[in-house]
Amino acid sequence: MNQSSEQVRKIIHVDMDCFYAAVEMRDNPHLRDVPIAVGGNGPRSVLCTCNYKARAFGVRSAMPNSKAKVLCPELIIVNGRMAVYQQVSAQIRAIFLRYTDLIEPLSLDEAFLDVTNATVCHGSATLIAKQIRADIYNELQLTASAGIAPNKFLAKIASDENKPNGQCVVSPQDVSEFVTDLPLKKIPGIGPKTSEKLKRFGFESCADVRASSVAKLHSIVGKFANSLYQRSFGIDHRELETQRVRKSLAIETTMAEDIDSVEECLTVLKELFGKLELRLEKHKNRAINKQTVKIKFADFQQTTVDVQSSVCHYDTFIELFQKAMTRSNDRKVRLIGLSLGFDVKESIEQQNQLALF
Ligand code: TTP
Ligand code: MG
């Protein structure tokens, strides 16, 4: 089995290190150098997560508080602050958006990014991952780990390889070697039960699966057999399930004939404004942060002028238009466009809240 000749993709999986605990350590300096966990404080509560100091004692996510306290008596358990984690998650996603629109969030603290066609960092996924992690650290004082690979499942496994605060690249030529000895339980979708079952039939690594057949696997894991067989060769054709966040709302018109009368231009602008307001109806929940006017002149050169604004204001568009026209040098106007910029971070926060709800 070979990867087909289609374009090799560049997928990054970013996962924050001990996310809730890291936020608590950041915001409470006295928690930084001691074992801590985040969780409820009831007698039957379980931990959401814990820091790496606590992990050294064997403390883990989803462990009952009581058991964790036995393993690590000095463990400090703090209450979670979901609203803060949501807000930080939105800040992280705003950083991702600087690098690509193709983002599949998996939870508050992890996401896939498809940077196949990104041009930043010379198009290097390795450098983009490094830069994203540096941005997160510099701006949010939190560390993230990343996996870089030609597909989602390898990127996800890779992001765990050098945790915390590390990254791992599985380049296309290394895929076969990377998966050969990969324990099956590391493949997303194979939980402890399935992994045990596979083990009973003699399957522990991808190499074991490769040496078998889909039919044999089917008798053990049912319809997951096909995917499992593919994964064992490092293959995963799943696209990202992206939530594109609209960054702007724009409308423009090309004149039937180029015009040089400012009055005529203003009539066009007024019509455009009416249409823009109508379209804005569908995006009432979005926070506006910018108004922009674009003019393309008869020689196809274009200019844009924008201003920070939290409303869709007609007079502001006229002012912007007049400013843009000071650059006309007597050229006629071929096209006029109006647009509104939206606050992306705020929108992501809303989505996070909806997802949790
Ligand atoms: P994870 O990424 O699984 O864990 P983590 O970020 O705490 O640690 P790691 O460094 O290994 O990535 O989960 C992200 C957050 O989700 C975690 O900080 C808390 C929450 N969570 C729960 O509330 N319950 C759980 O059982 C798990 C696994 C996570
Ligand atoms: Mg994490």
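Q: In what order do the 5 strands of the open sheet with mixed pairing stand?
A: Helices (H or I, at least four residues) and strands (E, at least two) are DSSP runs that are numbered from the N terminus, and two strands are taken to pair if DSSP finds at least two bridges between them. On that basis 5 strands make up an open sheet whose pairing is mixed, and their order is E5-E6-E1-E7-E8.

Q: What pLDDT do local features need in this predicted model?
A: Residues are numbered from 1 along each chain as its sequence is written, chains are lettered from A and ligands numbered from 1 in the order in which they are written, and side-chain values use heavy atoms, with hydrogens and water left out. The model is predicted, so that side-chain atom pairs count only at pLDDT 80 or more, totals for chains, interfaces and linings use all residues, and local features need a pLDDT of at least 70.

Q: Which strands stand at the edges of the sheet, each with a single partner strand?
A: Strands of a sheet pair through backbone hydrogen bonds, either parallel or antiparallel. Two strands of this sheet have a single partner each, so one side of each is left without a neighbour in the sheet, and these are E5 and E8 (167-169).

Q: In E6, which residue is the bridge partner of histidine 13?
A: E1 and E6 run against each other, pairing in the antiparallel sense over 5 bridges. Within this pairing, histidine 13 has as its bridge partner in E6 phenylalanine 112.

Q: What angle does the direction of helix H5 make with that of E7?
A: Axes are lines fitted to C-alpha atoms, for helices over the stretch in contact, and angles run from 0 to 180 degrees between N-to-C directions; contact means heavy atoms within 4.5 Å. Helix H5 (residues 125-140) packs on the sheet and touches E1, E6, E7 (144-149) and E8. Its direction and that of E7 make an angle of about 170°.

Q: Which residues coordinate the magnesium ion (ligand 2)?
A: Donors are N, O and S atoms within 2.8 Å of the metal (3.2 Å for Na, K and Ca), and water is not among the atoms, so sites may look incomplete. At 2.0 to 2.2 Å, the magnesium ion (ligand 2) is coordinated by Asp15 (OD), Met16 (O) and Asp109 (OD).

Q: How many residues apart are aspartate 15 and aspartate 109?
A: Aspartate 15 is part of strand E1 (residues 11-16), whereas aspartate 109 sits in the loop between E5 (103-107) and E6 (110-114). The pair thus links distant parts of the chain, and the two are separated by 94 residues.

Q: Why does the arrangement of the 6 donor atoms around the magnesium ion (ligand 2) count as it does, and what is it called?
A: Four donors count as tetrahedral if all angles lie between 85 and 135 degrees; four count as square planar and six as octahedral if opposite donors are over 155 degrees apart and all others between 65 and 115; anything else is irregular. Because the 6 donor atoms here subtend angles of 81 to 176°, the arrangement is octahedral.

Q: Is glutamine 167 buried or exposed?
A: Buried means under 20% relative accessible area, exposed over 50%, and partly exposed in between (1.4 Å probe, protein chains only). Glutamine 167 lies in strand E8, and because its relative accessible area is 16%, the residue is buried.

Q: The backbone oxygen of which residue does the side chain of glutamine 167 reach at 3.2 Å?
A: A polar contact is a pair of N or O atoms within 3.5 Å; within protein, one must be able to donate a hydrogen and the other to accept it, and residues adjacent in sequence count only if both atoms are side-chain atoms. A polar atom of the glutamine 167 side chain lies 3.3 Å from the backbone nitrogen of lysine 130. At 3.2 Å, this side chain also reaches the backbone oxygen of threonine 126.

Q: Where is proline 164 placed?
A: The peptide bond leading from lysine 163 to proline 164 is cis, with omega near -10°. Proline 164 itself is placed in the loop between helix H6 (152-161) and E8.

Q: What is the relative accessibility of cysteine 18?
A: Cysteine 18 belongs to the loop between E1 and helix H1 (19-27), and its phi is near 30°, a positive value in a residue other than glycine. Cysteine 18 counts as buried, because its relative accessibility is 8%.

Q: Which are the edge strands of the open sheet of 4 strands?
A: The 4 strands stand in the order E9-E12-E10-E11, and the pairing is antiparallel. Two of them pair on one side only, namely E9 (248-259) and E11 (302-308).
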